[in-house]
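Work through the exercises below with the model open. Each task is followed by its solution.

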Amino acid sequence: MNEVSVIRRFLAQPSAVIGAGFLLLLSLLALAAPWLTNSAPWEMNTTPLLAPFQDPAHWLGSDMLGRDLGSGLLYGARVSLAVAAVSSLATLLVGAMVGAVAGYFGGWLDGVLMRIAEFFQIIPQLVLAVILVAVLEPSLGSIILAITLVTWPAVARLVRGEFLSLRQREFVQAAQVLGQSPLAIITRQILPNALAPLLVTLTFVAATAILTEAALAFLGLGDPDAMSWGYMINASRGLLREAWWMSLLPGLAILLCVLAVNRVGEGLRVAFEPARRQGANP
Amino acid sequence: MPDRPSSPSSPTRPLRRVLMGLAASALILAGSVQAEPREGGVLNLVAQPEPPSLMHGVVSHVSTQYVSGKILQGLLTYDTALQPKPVLAKSWTIAPDGLTYTFDLQDGVRWHDGQPFTSADVVFSFQTFYPEVDKRLGGIFTDYVTSIEATGPLQVVFHLKKPFAPLLSSLGSGLRPVVPRHLYEGTDFRNNPYNLKPVGTGPFVFEEWKRGAYIKLGKNKDYWKKGLPHLDGIVFHVIPDASSRAAAFERGDIQALRSGDADYSDLKRLTALPGVQSSEKGWELYAGLAFLQINTRKPPLNNPKVRQAILYALNRQFIVDNIFFGSGKVAQGPFVSTTPYHDPNLAQYAYDLKKAKALIAESGVDVGAVRIRLLNGEKGGAWERLAEYTKQALQPLGFKVQVVTSDAATWFQRVSDWDFDLTYNFIFQIGDPYLTTAYLYRSDYILKTSPFANVSGYNSPQADALWSQVADTPEGEQRRQVYSRLENQLNNDLPIAPIFEMRYPTLFHSQVKNLLQTATSLNEDDESVYLDGPAP
Amino acid sequence: MNAALFLGARLGRALLMILGVLVLSFLLIRLAPGDPALLMAGEAGVDDAGYIDSLRHDMGLDQPLPRQLLIYLGRIAHLDLGYSYRNQTSVWSLIAERLPATLALMGSAFLLSSLAGIALGVLAARSRERRPWLDGLIAQGALLLYAVPTFWLAMLLILLFSVHLDWLPAFGLETVAADLHGWAWLADRLRHLLLPCLSLSFLFLALYIHLTRAATLEALGQEYVYTARAKGLAPRRILWAHVLRNALLPVVTFAGLQLGQLASGALLVEVVYSWPGIGRLMYDALAQRDYGVLMGGFLVISTLVVGFNLLTDLACRLLDPRIGAPGQS
């Protein structure tokens with residue numbers, strides 16, 4: 001697999017590039033939030049229900065308590081992106097571990113683990129997340145835990161699939177003959193080949209994480225100290241008509257973010273495809 | 001009709017005149033018949049939040065009173081000029097020395113289950129039921145009432161130890177309806193199943209409560225006032241979402257909105273709709289005061305300087321303007337400013353963040369040491385926003401406030417059990433502060449029965465003494481001075497931080513007639529309400 | 001693998017899943033910090049010492065954990081999902097009351113999204129050659145729909161159709177106390193169902209479009225299609241007879257897996273529209289800290305989803321008898 005050609009193929013897709021660019025820009029803005037806005041998102045420091053483009057100090061308007069929407073969006077981006085990133089990482093770890101064990105050892109262990117994975121895929125995920133967060137008290141930690149709990153099966157299945165197919169390949173058998181430990185085989189031989197679909201799947205995990213966090217915050221189960229886009233949409237419900245910007249802007253933010261992540265995922269998939277066909281296609 | 005020329009002495013002339021006279025009177029009659037209330041139709045209202053119970057004798061939550069007030073009735077009520085009007089008591093006489101009240105009850109009244117209403121029900125209600133369930137009334141009765149007896153099947157006499165002018169107002173329909181003895185005697189009053197499916201004497205009968213959806217009341221076909229009610233029924237819709245409520249009102253699915261039913265932000269827009277009227281009538285008896293109850297048992301809230309700092313840190317004008325959208329005015333003190341009992345020279349707590357911080361520093365208390373729970377009993381809407389605002393407003397002082405939102409019933413229970421640090425609440429100060437406001441401050445009302453008792457735990461012998469003094473002093477300059485001293489002390493100790501005096505616009509579609517007839521407005525029984533024109 | 005064995009195996013798997021849901025519910029309530037009995041009593045029942053004691057006894061909290069699990073399973077078998085002190089009624093009766101509303105919502109959204117999704121997906125695939133713009137439009141539209149948060153979309157639909165255009169009602173199941181009968185009753189119910197159903201179906205519409213389009217494209221490219229074309233069969237018959245049947249297979253498989261998401265979306269839609277279903281019940285239970293109702297709702301919804309998943313599995317088998325044959329996963 002030629003990394004340069006992958007990158008080139010990725011860059012050849014305009015939607016993927018735009019998506020990646022958007023995410024990069026958003027991350028930078030989110031990181032720079034304290035310097036970009038002069039108001040904390042929770043601070044009620046201006047006229048309530050200010051429409052956007054009226055006041056240069058509050059370019060995107062304010063909500064019904066006089067909180068600056070622009071800073072709300074930026075800090076909300078922090079939460080969404082952070083939750084997406086950490087959940088993806090956690091899902092990767094858990095899913096890869098389970099999938100590796102199932103795929104490598106096979107047999108009854110594989111059967112049991114895959115049944116469990118299937119279980120978590122079939123039951124309603126948001127409902128489970130709601131209950132988990134409610135029972136554990138809402139916080140960024142419990143939200144990330146809930147998201148990880150419902151998204152790990154996809155990764156596990158993928159990794160397991162890779163293992164099953166690669167296990168038979170010569171270079172793995174060669175490594176076994178040479179006496180490489182299972183862990184080394186897993187990390188040095190199999191995982192790098194699984195990288196491509198794994199990355200793609202992780203982008204979908206990230207998209208799910210953003211939507212789930214927004215939904216939880218909308219239902220009032222978000223972290224009470226974290227300004228979240230979902231929370232902002234919930235707050236706007238009573239003023240849908242008077243202050244359309246209160247619901248439109250955070251909703252657009254979620255939409256664009258998820259769209260961007262999906263486009264990046266799609267771009268990665270296409271970029272990796274020829275390599276996949278050559279390499280380890282089951 | 002063209003007039004046929006005829007000679008003055010024609011015999012047909014008088015006949016024609018009579019005919020025309022008849023036609024004219026027929027037209028007039030027809031016109032007046034159209035002005036008569038139309039029968040039929042269902043009135044659609046909102047129950048927001050969903051009430052904890054449907055028996056407003058036991059649970060004095062506004063939502064409960066709204067529904068239950070149409071099912072259960074009391075001895076009397078008050079019209080908009082604050083004059084008492086008979087309900088179940090058709091007349092009453094007060095002895096000149098003020099020690100004997102004789103009530104003659106309406107004849108031919110039946111409870112909704114068919115049992116006859118008699119004086120035994122009244123005696124049971126005020127002698128046994130209310131003293132057990134409502135400690136405020138229990139206290140009054142112990143202090144002032146010697147006995148209550150039924151001197152006939154339709155007559156009840158109250159014997160008093162000493163004159164008590166506010167007795168009649170404490171017997172109002174909206175507050176203390178008569179309860180059916182045959183269903184409550186010997187039972188656990190608070191957990192009686194009829195609290196959820198009430199049986200009363202009112203114009204409307206409880207039919208169904210589908211939780212989360214609606215409460216249906218039907219016409220009482222055997223109502224003791226013939227010809228009433230006009231409506232076939234009333235349905236209280238449970239719509240937790242404020243924008244849905246506003247939309248429903250706009251579409252005409254809901255025909256009247258009580259103050260607080262629509263989000264305050266929607267009021268202006270809804271009032272401007274064609275065919276919608278707004279009225280502030282009906283709240284004459286209830287001067288509403290919204291306040292922040294502070295649990296003075298728990299540090300750092302046990303320090304009066306800290307409490308004062310909290311009030312200084314709240315921008316009450318901002319609250320009125322932006323959270324309640326102008327539906328009120330900033331409170332001037334613990335007593336409502338429209339009553340003569342409020343001291344106009346009382347020290348004011350103008351919004352001053354610096355002063356608040358200084359007070360905290362002066363007190364030497366670490367206010368951030370423990371998380372402070374601010375309870376809120378209504379999801380969505382102005383009260384939740386007020387709680388959020390408070391959290392942010394107290395942050396610069398170092399407080400760590402956690403807003404805990406629940407449903408109305410949970411809130412009611414928690415506050416009654418003193419399981420809170422801060423909570424917003426409001427009461428109706430009915431005339432004399434002694435009748436309702438006193439229970440928030442008197443140390444003998446430190447009880448766990450309702451959020452409208454002294455849940456703050458405020459215990460001041462000086463204040464208690466002043467309350468007693470006020471009760472025993474006759475009206476006049478001296479009484480006002482005592483009240484002034486009392487108000488000043490409460491204003492300094494501040495176990496309760498007064499926030500704003502509430503205004504209550506009711507919105508209704510113009511086809512709804514006779515809606516606000518008494519001073520208890522929407523808690524009244526709606527017996528003469530009718531719908532003019534097709535209900536949507 | 002013959003049909004009976006297949007059915008047996010799938011049924012067994014479904015039952016195992018339901019058992020998993022039960023075990024999960026059982027564990028969750030004990031995972032929470034605090035006394036499980038106090039949690040199940042909820043805010044309302046906490047003061048009632050007698051009630052707490054009876055709860056402790058019913059849940060068998062003094063027994064070892066495996067015993068407790070058996071007690072729990074036994075109670076579930078009798079449809080005893082617990083008691084809601086706040087509502088003074090059994091959890092099961094609360095849920096049973098709300099079940100039809102949720103089923104109506106999920107069922108109609110499923111039908112709408114699958115039918116419309118399949119139709120649009122096939123249309124997109126067919127248009128690829130001659131009208132690529134249509135294909136592009138549908139595909140891009142689907143992508144957009146997939147990224148939209150369901151609850152936000154629901155709010156926007158209310159704003160447009162209910163508030164501005166005043167075409168449709170914004171809340172509830174029906175116009176209460178309107179006393180309608182026959183067709184009028186049905187029409188009223190359908191009017192109230194329309195917006196919630198639409199809101200819920202948009203997400204799945206996107207997925208079905210995407211899936212059907214991909215599956216149709218792939219099926220169109222298959223050898224037997226060329227063969228049929230070579231034989232001179234009319235294009236339309238090729239499409240309907242061969243392609244569709246094979247394209248439907250992944251869609252149906254997928255549909256079964258997505259039912260969980262449909263249920264999750266239903267929760268959000270019910271909250272926005274005050275639709276009196278199980279989702280709304282659970283949302284209210286959150287505010288009331290009524291864990292008995294929360295667990296009961298989770299159980300019932302999950303069981304429903306597993307059950308429907310079983311049905312779609314069987315539908316797959318009908319569509320393609322090769323499913324379940326040895327060698328297939």
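**Exercise 1.** In this predicted model, determine in which sense strand 15 (residues 372-376) and strand 17 (residues 422-429) of chain B pair, and over how many bridges.

*Solution.* Strands of a sheet can pair either parallel or antiparallel, through backbone hydrogen bonds. Strand 15 and strand 17 of chain B take the parallel sense, with two bridges between them. For B:L374, the bridge partner in strand 17 of chain B is B:L422.

**Exercise 2.** Describe how helix 4 (residues 69-105) of chain A packs on helix 5 of chain A.

*Solution.* The angle is about 145° and the axes are 7 Å apart. The crossing is left-handed. Helix 4 of chain A contributes A:V98, A:V101, A:A102 and A:F105, while helix 5 of chain A contributes A:G107, A:L109, A:D110, A:L113 and A:M114. By class, these are seven nonpolar, one polar and one charged residues.

**Exercise 3.** Which helices of chain A each supply at least two residues of the side that touches chain C?

*Solution.* Start with the contact: 29 residues of chain A meet 35 residues of chain C. The helices of chain A are helix 5 (107-122), helix 6 (125-136), helix 9 (182-218) and helix 11 (244-278). The chain A side divides into 21 nonpolar, five polar and three charged residues.

Key: Residues are numbered from 1 along each chain as its sequence is written. Chains are lettered from A and ligands numbered from 1 in the order in which they are written. This is a predicted model: local features need pLDDT of at least 70, side-chain atom pairs count only at pLDDT 80 or more; totals for chains, interfaces and linings use all residues. Two residues are in contact if their C-beta atoms, placed from the backbone, lie within 7 Å. Helices (H or I, at least four residues) and strands (E, at least two) are DSSP runs, numbered from the N terminus. Ala, Val, Leu, Ile, Met, Phe, Trp, Tyr, Cys and Pro count as nonpolar, Asp, Glu, Lys and Arg as charged, and the others, Gly among them, as polar. Two strands pair if DSSP finds at least two bridges between them. Axes are lines fitted to C-alpha atoms, for helices over the stretch in contact, and angles run from 0 to 180 degrees between N-to-C directions. A crossing is left-handed if the near helix is turned anticlockwise from the far one by less than a right angle, and right-handed if clockwise.
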